[in-house]
Amino acid sequence: MAVVRRNIVTSPAARDAFIEGVLRLKREDSALKTTAFGIPGPAAPVRTYDLFVIWHFKAMTTPVPPDGEIGTRNAAHRGPVFLPWHRFMLNLFEAHLKRVLDDSSFGLPYWEWSIDGSLPAPETALVWKPDFMGGQGNPVTDGPFAFDAGDSNSFRVRVEAGPNLKLRQTNRGLRRAFGSGFPTLPNALDVGAAFNTLPAPAGDPDLATYDFAPWLANSRGFRSRLEGFTGTGLHNQVHRWIGGDMAPASSPNDPVFFLHHANVDRLWEGWMNRHGRTYLPTMSESAELLGHRIDDPLISPLGAGVTPRTTLDNTALFTYDVIP
Amino acid sequence: MTPEELAAAADPATLGNYLSELPQQPHHHGPLTSIRQDEFQGHRIVIKTTYEITVDGEPLTAPLIVSNDGQVHCHALPTYEFRSATDTIRALIENFPDDFPGGDHPGGGHDSGGHPDHQVPGTDREGSA
């Protein structure tokens, strides 16, 4: 049965379950060591939660095409597969949370950041209060993911990407620096503009199409708008506004990553409600785009069974309480 | 994809073993070279850009590339694009405080608010993380 993904601000049950599930995944030993992933240093246990950090990093550092630049297009970003890949990542994360919570009805909550982006001081929003995600700091010192140097069970970042874009071990608290990379969150007007397909200058008819050749970060269409390379920043602006651990390639280190991407996914679902469950590019495009075409396997543990096409209609898995 | 298929895949070994079998990152030594290519009036243009960067005299092997529109991107900060390499390094210093000890901002100073030096909406575009 499909679960319902709810707004974390209006669903205390979903909020509390999410926090508890994250903390359990953070404590759970995956039985693999850091050396299995080429992370330098002595072999250290890798928690299940941190597998998602490594997965995101691995996808982000896989260039498409294989001899290309990861900063031009990679296996999860800067191209059409951005939304399908993150949808599947959320689906698997949600399945892990169901497992550790022993609750098949659990639905991953989302953070509707454009509401907070309309506030004069977004850092005062409910989501950053101690009974939600906690606030900012280096390290974060309040809320469920606060750092306590004397408590080895407190939330710790153990794997991170450095400035040379290599994964490395660490042992520190979570970092957030609101406004450090961009002064504001996207607001409701920014989201509304992404759905406005009226003729220019009022809107942009290209937003009725998922993506366009040459399938790059800033190509025309809805995907690049939602990813944040055209128009206002949307997804990318949220990462930058939160800052700290949300800025590097290891951004799933902050549990807010999953709430943020659930909202991005919800916006994509809203777009598909308007324009159909369509996706581009098709398989007629060059194999140089391997990984981004509709029937290409995603970088995922389910191999050929998960492609962009298989993510388009996931209504058997989840729905949202409100779809824009 | 069904809930049952996802539930069956939701064990640490499935994801962990898969990730451990993915190719390891190649080891880069020395500065990276960014290559821009274009066609103009029947001419083939290739521009190679190599940054050799030091901070406080220490080499920094951050992967900087330049796009055809002249913006600088460093995938260590995938949500950023910059107008200059200098802005890029400033952002790296701010975002990776442990890698740049000393200076006027020991510990990274992540308790403060914005850093307006490289926040020009509309020109300083975002990337994806």
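Pro201(A) is found in the loop between helix H5 (188-194) and helix H6 (222-227) of chain A, where helices (H or I, at least four residues) and strands (E, at least two) are DSSP runs numbered from the N terminus. The model is predicted: local features need pLDDT of at least 70, side-chain atom pairs count only at pLDDT 80 or more, and totals for chains, interfaces and linings use all residues. Residues are numbered from 1 along each chain as its sequence is written, and chains are lettered from A and ligands numbered from 1 in the order in which they are written. The peptide bond from Ala200(A) to Pro201(A) is cis, with omega near 5 degrees. The loop between H5 and H6 of chain A also holds Pro214(A), which a cis peptide bond joins to Ala213(A), with omega about 10 degrees.

Between the chains, 65 residues of chain A are in contact with 48 residues of chain B, contact being defined by C-beta atoms, placed from the backbone, that lie within 7 Å. Strand S2 (29-33), helix H2 (48-60), helix H3 (82-101) and helix H7 (234-242) of chain A each give two or more residues to the side that touches chain B. H3(A) gives the most, with seven residues. This side of chain A divides into 30 nonpolar, 25 polar and 10 charged residues; Ala, Val, Leu, Ile, Met, Phe, Trp, Tyr, Cys and Pro count as nonpolar, Asp, Glu, Lys and Arg as charged, and the others, Gly among them, as polar.

Within chain A, the axes of helix H1 (residues 12-27) and H3(A) come within 9 Å and cross at roughly 90 degrees. Axes are lines fitted to C-alpha atoms, for helices over the stretch in contact, and angles run from 0 to 180 degrees between N-to-C directions. H1(A) and H3(A) are therefore roughly perpendicular to each other, a term for angles of 65 to 115 degrees. On H1(A), the contact is made by Ala17(A), Glu20(A), Gly21(A), Arg24(A) and Leu25(A), and on H3(A) by His96(A), Leu97(A), Val100(A) and Leu101(A).

The largest nonpolar core has 111 residues, of which Ile54(A) and Trp85(A) touch the most other members. Such a core is a set of buried Ala, Val, Leu, Ile, Met, Phe, Trp, Tyr and Cys residues joined through C-beta atoms within 7 Å. A residue is buried if 20 or more other C-beta atoms, placed from the backbone, lie within 10 Å of its own, and exposed if 12 or fewer do. Leaving aside neighbours within four places in sequence, Ile54(A) is in contact with Phe37(A), Val159(A), Leu167(A) and Leu19(B).

Chain B contains three helices and six strands, in the pattern α-α-β-β-β-β-β-β-α along the sequence. Of its 129 residues, 33% count as buried. Ala91(B) is placed in helix H3 (residues 85-95) of chain B and counts as buried, with 24 C-beta neighbours inside 10 Å. The buried residues of H3(B) pack against strand S3 (53-55), strand S5 (64-66) and strand S6 (72-74) of chain B.

Positive phi values occur in residues other than glycine. Phi of Asp102(A) is near 55 degrees; Asp102(A) has 7 C-beta neighbours inside 10 Å and so counts as exposed. For Gln41(B), phi is near 50 degrees. Gln41(B) lies in the loop between strand S1 (33-40) and strand S2 (43-50) of chain B.

Note on methods
Contact = placed C-beta atoms within 7 Å. Parallel < 35°, antiparallel > 145°, perpendicular 65-115°, else oblique.
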